[in-house]
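Trainee: I've got this one open on my screen. Can you walk me through it?

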Amino acid sequence: MAKGTESTEDVVVTDPYTLLGVGRGATIDEIRDAYWRQVRFHSITGNAGARLEELQEAYETLTDPSRRAQYDAVNDGAAAAQPPSAALPAPQPAVEHEKRRHSRNPIDRLTAGLPRPWRVAIDWIVTIAGAIAIVLAIKAWVVNPYRIPSSSMEPTLHCARPGVGCEARLSDRVLANRFIYHFRSPHRGEIIVFNTPQAAENRCGASGTFVKRLIGLPGETVRERDGTVFIDGKKLNEPYVKPGRRDNESGTWPVPTGHYFFMGDNRAQSCDSRRWGSVPRKDLIGKVFATYWPPYRISLHAIFPGAPWLGLLFVVPLRRRRRSDVR
């Protein structure tokens, strides 16, 4: 190498304050932050090796109270005579980059003056609170789980023994789409979750929510004759009702405008709209689109043509529910 062209990268800086770029009155936290800034800078630029060893030695000297006091006593005034930036002007862009990177986070900006343990604690609290808020928002407006408590929907949806008419050891747990009816009207044959009407509480002794199948739409007349259902005089095809689950009742129920008529698939043991009347649209919560528990009962209740592919995507057994038609 020609004379006078040697690199200044090999200059050895012995003063730990200058090496780390801190003043003689720097705290332990300031020294630690400065040390890691220097390490990151030299790691990015590839200037490692001996320089990192010097940084480590300087860090250990200044974070050990006894070694620092001994160094200050021997070199009092010598380190302060040299500006911190004289030995290492290059790390400044990295410091500015660090500031810009942290400034994007509003939590970091708000807690910048707090001790590190407080900043970490606040960050965790905000993260956990945000996650809880997201879960609650999903439950309130998107999807919510429900448990099947009675045998009114057997065998489509199971309830747990020893309940009357229940066939399974565990109750089915289903997911209801809470936003779909903001975009379209309910369809006949869909399994729907709705708020229990006051009349149902009096007749059935139940409260909270019901899960039943939609049979009659607004303005229609529902008629049952010896267990067979007719809509406006036409027989309703109901493949979801097993022969042994029908009853022998008869009756006629007009469905008012803006109301919906519900019945359970287990007609002989279902306390439904035949007892307490139709349900107003505002009380509908959402359409049941999946059973997620127990594992051997996992399935989708399809509401769109792509449902079989969605079932394959999640690698679960898919059983298409056919929507009943008036014939």
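Mentor: Helices (H or I, at least four residues) and strands (E, at least two) are DSSP runs, numbered from the N terminus. This is a predicted model, where local features need pLDDT of at least 70, side-chain atom pairs count only at pLDDT 80 or more, and totals for chains, interfaces and linings use all residues. Residues are numbered from 1 along each chain as its sequence is written, and side-chain values use heavy atoms, with hydrogens and water left out.

Trainee: Okay, what's the strand order in the open sheet?

Mentor: The order is E7-E6-E5-E8, four strands with antiparallel pairing. E7 (234-235) and E8 are at the edges with a single partner strand each, so one side of each has no neighbour in the sheet.

Trainee: How many bridges join E5 to E8?

Mentor: Four, with E8 covering residues 251-254. E5 also has four bridges to E6 (residues 228-231), again antiparallel. E6 and E7 pair in the antiparallel sense too, over two bridges.

Trainee: And what stands opposite Arg-223?

Mentor: Thr-252 in E8, and Phe-230 in E6. Phe-230 in turn stands opposite Lys-235 in E7.

Trainee: Which side chains of E5 point to which face?

Mentor: In E5 (residues 221-225), Val-222 and Glu-224 point to one face and are buried. Buried here means under 20% relative accessible area, exposed is over 50%, and partly exposed is in between (1.4 Å probe, protein chains only). In a regular strand the side chains alternate between the two faces of the sheet.

Trainee: Which residue takes a positive phi in the hairpin of E5 and E6?

Mentor: Asp-226, with phi near 55°; the hairpin has two residues between the strands.

Trainee: Switching topic: how many disulfides are there?

Mentor: Two, taking a disulfide as a pair of cysteine sulfur atoms within 2.5 Å. Counting bonded cysteines along the chain, the pattern is 1-2, 3-4. One joins Cys-159 to Cys-166, S to S 1.8 Å.

Trainee: Are Cys-159 and Cys-166 buried or exposed?

Mentor: Cys-159 is buried at a relative accessible area of 0%, and Cys-166 is buried at 11%. The torsion about their S-S bond is about -110°, so that disulfide is left-handed.

Trainee: What about Cys-204 and Cys-271, how far apart are their sulfur atoms?

Mentor: They are 1.7 Å apart, and with -70° about the S-S bond this link is left-handed. Cys-204 lies in helix H8 (residues 198-204) and Cys-271 in the loop between strand E9 (259-263) and helix H9 (273-276), so the pair ties together parts that are 67 residues apart in sequence. Cys-204 is partly exposed at 25% relative accessible area, and Cys-271 is partly exposed at 22%.

Trainee: Last one, helix H3. What should H3 span?

Mentor: The expected span is 1.5 Å times one less than the number of residues. For the 14 residues of H3 (residues 50-63) that gives 20 Å, and the end C-alpha atoms are 20 Å apart, which agrees.

Trainee: Which residues of H3 are buried?

Mentor: Arg-51, Leu-55, Ala-58, Tyr-59, Thr-61 and Leu-62. They cover an arc of only 165° around the axis, which puts them on the same side of H3; the arc is that of the directions from the helix axis to the C-beta atoms. The face turned away from that buried side carries the exposed residues Ala-50 and Glu-53.

Terms used
Pairing = 2+ DSSP bridges.
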